[in-house]
Amino acid sequence: MTKRKPLSSMVAESLAEKIRGGQLRVGAQLPTEVELCAEYDVSRTVVREAVARLRSEGMVVPQQGRGMFVTDTPAPRNFSIPEEALRTLPETIALLELRLSVEVESAGLCAERRTDKEASDLRAMVEHIDAQRVDPTAVQIHYDYNFHLAIAKAARNELIHGFLRYLGPIIVPRLQLGYVVEPSLKDSYYARIYKEHQAIINAIEKQNSDRARQAMRKHLQNSLGRVRALAKASGV
């Protein structure tokens, strides 16, 4: 089932269309919060979020004491991945392909640059989760994200780390698609993930950057394979 867009996104897109279409011309003042609330039948919070988005995209600028005005010099649009666009199989596959190009190198850099404590912390994270496998319901779904984020941090590349923080836990396919692992299959599922994570950790501990890249590539390709199989079964 397709999830509905956030109200703030819908309002922002509607206003942006009015600006692009000339209904709100350059120099024109945006309607007041009260007027926008009435027009779109939404709360002030929604309106403020929508206007903040337009401002971040350079489509409107504030004038002190007067309100928001349409600008003729929109700022370059920042790269963004709307969360609502990542809840379909094709976009999930595209994101995993993007992660492959970034996180394979992240693992290699981590193996080269990590401290002993960082390697120890990564090992402890993996072992702690594996110990919970006797009760799979206790395993936190954000664990996979935290594991990859910790590797990126130890890679000592702020752009890689910042990119994964920007994406957030939505990079976990189970979160994106809203599906869960069947209870009867959870033990084998987490055993497989544990084995893949073990291979990554082993290479990082040995500071073998080539092996770390290979292990991360295999882990992400396996995830990609699982999602592609789901897409095929769903006729996507």
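1. Basis of the note. The model is a predicted one, in which local features need pLDDT of at least 70 and side-chain atom pairs count only at pLDDT 80 or more, while totals for chains, interfaces and linings use all residues. Residues are numbered from 1 along each chain as its sequence is written, and side-chain values use heavy atoms, with hydrogens and water left out.

2. Strand β1, residues 60-63, pairs with strand β2, residues 67-70, in the antiparallel sense over 4 bridges. Helices (H or I, at least four residues) and strands (E, at least two) are DSSP runs numbered from the N terminus, and two strands pair if DSSP finds at least two bridges between them. Within this pairing V60 stands opposite V70 of β2. The hairpin has 3 residues between its strands, and G65 takes a positive phi near 80° there.

3. G58 lies in the loop between α3 (44-56) and β1, and with a relative accessible area of 9% it is buried; here buried means under 20% relative accessible area, exposed over 50%, and partly exposed in between (1.4 Å probe, protein chains only). Although G58 and V70 are 12 residues apart along the chain, their C-alpha atoms are separated by 8.9 Å.

4. Helix α5. This helix has 16 residues and reaches 22 Å from its first C-alpha to its last, close to the 22 Å expected at 1.5 Å a residue, where the expected span is 1.5 Å times one less than the number of residues. E118, A119, L122, R123, V126, I129 and D130 are buried in α5. Seen down the axis of α5, these buried residues fall within an arc of 135°, so they line one face of the helix; the arc is that of the directions from the helix axis to the C-beta atoms. On the other side of α5, the exposed residues are D116, K117, H128 and A131.

5. R123 and E127 form a salt bridge in which the closest N and O atoms are 3.4 Å apart, a salt bridge being a side-chain nitrogen of Lys or Arg within 4 Å of a carboxyl oxygen of Asp or Glu. Because R123 and E127 are 4 residues apart in helix α5 (residues 116-131), about one helical turn separates them. R123 counts as buried at 17% relative accessibility, whereas E127 counts as partly exposed at 30%.

6. The structure holds 16 salt bridges. In one of them E39 pairs with K18, with the closest N and O atoms 2.4 Å apart, and this pair links distant parts of the chain, since E39 belongs to helix α2 (residues 33-40) and K18 to helix α1 (residues 7-20), 21 residues apart. E39 is partly exposed, with a relative accessible area of 43%, while K18 is buried, with a relative accessible area of 19%. The side chains of E112 and R213 also meet in a salt bridge, at 3.7 Å from N to O. That pair links distant parts of the chain as well, with E112 in helix α4 (residues 89-113) and R213 in helix α10 (residues 209-233), 101 residues apart. E112 counts as partly exposed at 43% relative accessibility, whereas R213 is buried, with a relative accessible area of 18%.

7. Helix α7. In this helix, residues 158-167, the buried residues are I160, H161, F163, L164 and L167. Seen down the axis of α7, they fall within an arc of 160°, so they line one face of the helix. The exposed residues E158 and L159 are carried on the face of α7 turned away from its buried side. At the start of α7, a side-chain oxygen of N157 reaches to within 3.0 Å of the backbone nitrogen of L159. Just after α7, G168 takes a positive phi of about 75°.

8. The cysteines. With a disulfide taken as a pair of cysteine sulfur atoms within 2.5 Å, the count comes to 0 disulfides. C37 is buried, with a relative accessible area of 16%, and C110 is buried too, with a relative accessible area of 0%.

Conventions: Polar contact = N/O pair within 3.5 Å; in protein donor to acceptor, adjacent residues only side chain to side chain.
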